[in-house]
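Please open the model below in your viewer and keep the selection tool at hand.

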Amino acid sequence: MSVVSRCTASVPMPGVGTDIPDFYRNTNSAVPIMAKQSEKVDEEESDIDQYDVLACEAMDACFTAFDKNGDGFLDEREFSLVCRALFRNDRGKIYNVEPKKVHEMFTVFDKNEDGFIDRQEFIFCWNQWIKKIVRPISVILVVDVQNDFISGTLNISHCSAKQNGAEVIEPINKLLDTVDFDAVVYSLDWHPSDHVSFIDNIHLRKVDSSSPKSSEEAKVYDTVIFEGPPPMKQRLWPRHCVQESWGAELHKNLKVVDNAIKVYKGTNPDVDSYSVFWDNKKLSDTTLCSELKQRNATDIYVCGLAYDVCVGATAADSLASGYRTILIDDCSRGVDLEDIEQTKKNVTSHNGVIVDSSQVKAMVEGRDRRPELGYKLAVELKNVKA
Ligand SMILES: [Zn+2]
């Protein structure tokens, strides 16, 4: 069981759910609504670069602008121009999207599979895809920036990667000061004294005969298998983040914003919980899932401690839950360099992205629109009925 408490009632929401013109009126002024640079709409593919998708004040205008041959349908070539307009960074540089991926995304929106996106199909494409890419609802998860991981009993600087957990505080604070996230979530590892992950509790449970280490042999950071049913793999850690202790407190220099959501995990003595979404056995989810649903969150930014443990597990669950997921590299520190590399691979191979904190603001404001995240959303929409 995990507990979630929200400090105060509401988090401001941007203009979502309103009609299309309002949607754009509410667009943050930092998002440039670029005017058409040229009056003529001709067949020159290069001309489309002069149009920003944001120039389209309404769905119909957008459809018309990209229906270059005026036949009332978007064919795959015209859809690829939508992608060119959509996927660019805040300096207008167009991200390359592989034709294979463009094709795959096209088929998601060509619901009747006739080789064209008609106006009816475009409604779904506009509402479920383009709008979310241009105006994402962004939530940041600040994972376990707690004393024990920085200077306490599980000080990660003593682990093989020898990274300093305190180094995440400054870049995270800067992000919270400068980026207007739709919600900020802090997770806390929050264990009862008899927690299964503590090496000094190993005598409290029976180690399975299949375990690579017996309870006598097992040392800190080893993995054992506890008796079931079903048998359960568990890595053994020093006693850490015991509920209500100093070690479990968020670091005093970490900025805690108003209206923050706090998620307490690892509260079940018998199950560890690396991810902020689920415990390791997926027995129970935290109420993070419902908090995100309530806010119509589209984009989840993950950072904190430890990169290759709780941050990585959280990013994996975020992707598995269908969210466009961004791991903030310089706002995370970890335990083992090889595992950190593996964490990055896991994220990118599931269509998530790894970014530097300097790139986050433009992404949250919809000015830097990554094709990987657009592709991820399209994949999620594959089986959604229009
Ligand atoms: Zn823990």
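Helices (H or I, at least four residues) and strands (E, at least two) are DSSP runs, numbered from the N terminus. Axes are lines fitted to C-alpha atoms, for helices over the stretch in contact, and angles run from 0 to 180 degrees between N-to-C directions. This is a predicted model, in which local features need pLDDT of at least 70, side-chain atom pairs count only at pLDDT 80 or more, and totals for chains, interfaces and linings use all residues. Residue numbers start from 1 along each chain as its sequence is written.

Select residues 119-134, helix α5, and residues 371-381, helix α12: they pack at an angle of about 155°, and their axes are 10 Å apart. α5 and α12 are therefore roughly antiparallel (angles over 145 degrees count as such). Their crossing is right-handed (the near helix is turned clockwise from the far one by less than a right angle).

Now show the contact residues (C-beta atoms, placed from the backbone, within 7 Å). α5 contributes Gln128, Trp129, Lys132 and Ile133, and α12 contributes Gly374, Leu377, Ala378 and Leu381.

Next, select residues 299-305, strand β7. Seven of its seven residues are buried (20 or more other C-beta atoms within 10 Å of a residue's own, with C-beta atoms placed from the backbone).

Look for glycine 304 opposite serine 332 in β8.

How values were computed. Angles under 35 degrees count as roughly parallel, over 145 as roughly antiparallel, 65 to 115 as roughly perpendicular and the rest as oblique. Two residues are in contact if their C-beta atoms, placed from the backbone, lie within 7 Å. A residue is buried if 20 or more other C-beta atoms lie within 10 Å of its own, exposed if 12 or fewer, and partly exposed in between; C-beta atoms are placed from the backbone. Two strands pair if DSSP finds at least two bridges between them.
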